Structure formats: structure tokens, C-alpha cells
Amino acid sequence: MSTSAPGAEQPESFAFSATNRKQVKVLLGRYPKGRQASAVLPLLDLAQRQSDGWLPQPAIEHVAGLLDMPAMRVQEVASFYTMFNLAPVGKYLLQLCGTTPCWLRGSDEVRQAITEICGIGVGETSEDGLFTLVEVECLGACVNAPMVQINDDFYEDLDTEKIKKLLIALKNGETPAMGPQNGRRSSEPLGGATTLKSKIQTKTKRTR
Ligand code: FES
């Protein structure tokens with residue numbers, strides 16, 4: 001389920017900005033005529049990005065109008081996916097993976113460290129408006145568990161100290177490098193690649 005809080009204060013209206021209206025045109029152009037409803041996910045995403053990371057009700061209705069869909073159907077989509085937030089979130093949305101591989105590798109400790117630094121539990125936003133913490137299911141980076149998605153970026157191979165360092169850097173207005181936080185490249189072994197280390201020369205034979 002998406003992040004929601006019944007009674008979140010709603011703006012009176014929503015309309016896409018001039019720049020985003022152009023993007024809406026591009027997105028709609030990707031689908032055959034009569035199938036514009038297929039653009040519901042990218043349009044909701046665009047609306048959310050314009051609205052500081054959450055989807056107010058008027059934005060959902062606006063997207064429904066553009067796609068000629070009943071507002072309730074768009075509401076159903078927005079409330080189904082964790083990528084959509086139906087209530088305001090902090091500047092940094094921390095999506096902590098709590099699924100088995102991350103849990104076995106210490107996601108509970110990562111959550112406790114987040115609570116210690118930001119003063120929030122799951123589903124809460126810090127008083128300074130900087131952080132919102134949600135727990136999500138597998139984000140597909142299990143080989144680098146445990147991990148947290150912060151806004152659009154993955155921060156992987158975490159432990160208590162590493163997540164604390166990340167959060168303090170964010171508090172200080174810094175932009176920490178995304179990806180593995182233990183020095184390894186991608187999901188290679190810590191000491192570097194162990195196989196496929198030599199370059200393979202391939203000769204292209206011409207055949208008539
Ligand atoms: S279990 Fe956490 S990314 Fe897959």
C-alpha cells in the first residue's frame with residue numbers, strides 16, 4: 001500500500017506546469033489512440049514529482065480527467081503501489097527493505113539507527129520535515145542487502161554506522177554517493193572480480 005494519512009491537508013487544485021504539460025504529451029504519445037489510460041502510472045509519477053513527493057487528491061482527479069478515466073480507478077492505482085504517497089512526505093523518503101535477505105543481513109539494526117538519528121519510526125516524518133521512513137518489500141537489490149532507497153537512489157551494503165553516516169550527511173546538506181557503501185563495485189565480491197578477469201579477443205570472420 002502507498003503511504004497515506006487520512007485527513008492530509010489537500011490543496012484546492014492541481015494542474016501540470018507548462019514544462020510537465022509538454023512531458024504529458026510525450027508520455028501520451030507512447031500509447032496507441034484509445035489506450036491513453038495505459039499512461040496512468042507515468043502521469044501519476046509526474047504529478048507526484050511536481051507535488052513535492054506526494055499525490056494530493058486534486059492531482060489524482062486531474063490525471064483522471066486527462067486520461068478520461070473515472071477518478072476512483074486512478075485512486076485505486078495510486079493507493080495500490082508503494083511508489084505513490086497519498087500524504088506529504090519529508091524531503092528524503094527512506095524506503096527500508098525489510099524482506100528476508102535484508103532482514104537476515106540486519107535491516108532491523110538499520111531501522112533502529114534511522115530512529116536514533118531522525119527520531120522517527122516506520123510511517124513517521126521527522127519534526128524538521130527532512131525524513132519520512134517507510135518499510136517496503138524487496139527492491140531487487142538483495143545481493144547488496146541490507147539496503148534503503150532514498151528518493152530515487154539505492155544505498156546498499158549498509159550497517160548501523162554506514163546508515164548513520166549517510167543520514168548525518170543528508171542533514172548537513174551533502175549528497176552522499178549512492179550504491180554500495182562498503183567500497184565494492186556493484187555486486188562484485190569485496191576484493192574485486194574473481195572470474196571473467198581477462199578480456200576476450202573476438203575475431204569477426206567475414207563469410208560470403
Ligand atoms: S530483500 Fe531487500 S532488496 Fe531484496
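**Salt bridges, helices and strands**

Guide: The structure holds eight salt bridges. Please note that this is a predicted model.

Visitor: Let us take one of them. Which residue forms a salt bridge with Arg 111?
Guide: The partner of Arg 111 is Asp 108, and their closest N and O atoms are 3.2 Å apart.

Visitor: How are Arg 111 and Asp 108 placed in helix H6?
Guide: They are three residues apart in helix H6, so about one helical turn separates them.

Visitor: And what is the accessibility of Arg 111?
Guide: Arg 111 has 23% relative accessibility and therefore counts as partly exposed. Asp 108 is likewise partly exposed, with a relative accessible area of 25%.

Visitor: Now Glu 116. What does Glu 116 form a salt bridge with?
Guide: Glu 116 pairs with Lys 164, the closest N and O atoms being 3.1 Å apart. This pair links distant parts of the chain, with Glu 116 in helix H6 and Lys 164 in helix H7, 48 residues apart.

Visitor: Is Lys 164 buried or exposed?
Guide: Lys 164 counts as buried, because its relative accessibility is 15% and the cut-off for buried is under 20%. Glu 116, at 56% relative accessibility, counts as exposed.

Visitor: How do the axes of H6 and H7 cross?
Guide: The axes of helix H6 (residues 107-118) and helix H7 (residues 160-171) come within 9 Å, and they cross at roughly 35°. The crossing of H6 past H7 is right-handed.

Visitor: Which residues of H6 and H7 meet there?
Guide: From H6, the residues include Val 110, Ala 113, Ile 114 and Ile 117. Those they meet in H7 include Ile 163, Leu 167 and Ile 168. Glu 116 and Lys 164 also belong to this contact. The residues of the contact of H6 with H7 divide into eight nonpolar, one polar and four charged.

Visitor: Back to the salt bridges for a moment. Which residues are linked with Arg 49 in a network?
Guide: Asp 45 and Asp 152 are linked with Arg 49 in a network of salt bridges. Elsewhere, the side chains of Glu 188 and Arg 185 meet in a salt bridge at 2.8 Å, N to O. Within that pair, Glu 188 is partly exposed with a relative accessible area of 22%, whereas Arg 185 is exposed at 60%.

Visitor: Finally, the strands. How do E3 and E4 pair?
Guide: Strand E3 (residues 148-150) and strand E4 (residues 153-156) pair in the antiparallel sense over three bridges. Gln 149 has Phe 154 in E4 as its bridge partner. The hairpin has two residues between the strands, and Asn 151 takes a positive phi near 50° there.

Visitor: In what sense do E4 and E5 run?
Guide: E4 and strand E5 (residues 179-180) run parallel and are joined by two bridges. Opposite Tyr 155 stands Gly 179 in E5.

Definitions and conventions. Residues are numbered from 1 along each chain as its sequence is written. This is a predicted model: local features need pLDDT of at least 70, side-chain atom pairs count only at pLDDT 80 or more; totals for chains, interfaces and linings use all residues. Side-chain values use heavy atoms; hydrogens and water are left out. Axes are lines fitted to C-alpha atoms, for helices over the stretch in contact, and angles run from 0 to 180 degrees between N-to-C directions. Helices (H or I, at least four residues) and strands (E, at least two) are DSSP runs, numbered from the N terminus. A crossing is left-handed if the near helix is turned anticlockwise from the far one by less than a right angle, and right-handed if clockwise. Contact means heavy atoms within 4.5 Å. Ala, Val, Leu, Ile, Met, Phe, Trp, Tyr, Cys and Pro count as nonpolar, Asp, Glu, Lys and Arg as charged, and the others, Gly among them, as polar. A salt bridge is a side-chain nitrogen of Lys or Arg within 4 Å of a carboxyl oxygen of Asp or Glu. Buried means under 20% relative accessible area, exposed over 50%, partly exposed in between (1.4 Å probe, protein chains only). Two strands pair if DSSP finds at least two bridges between them.
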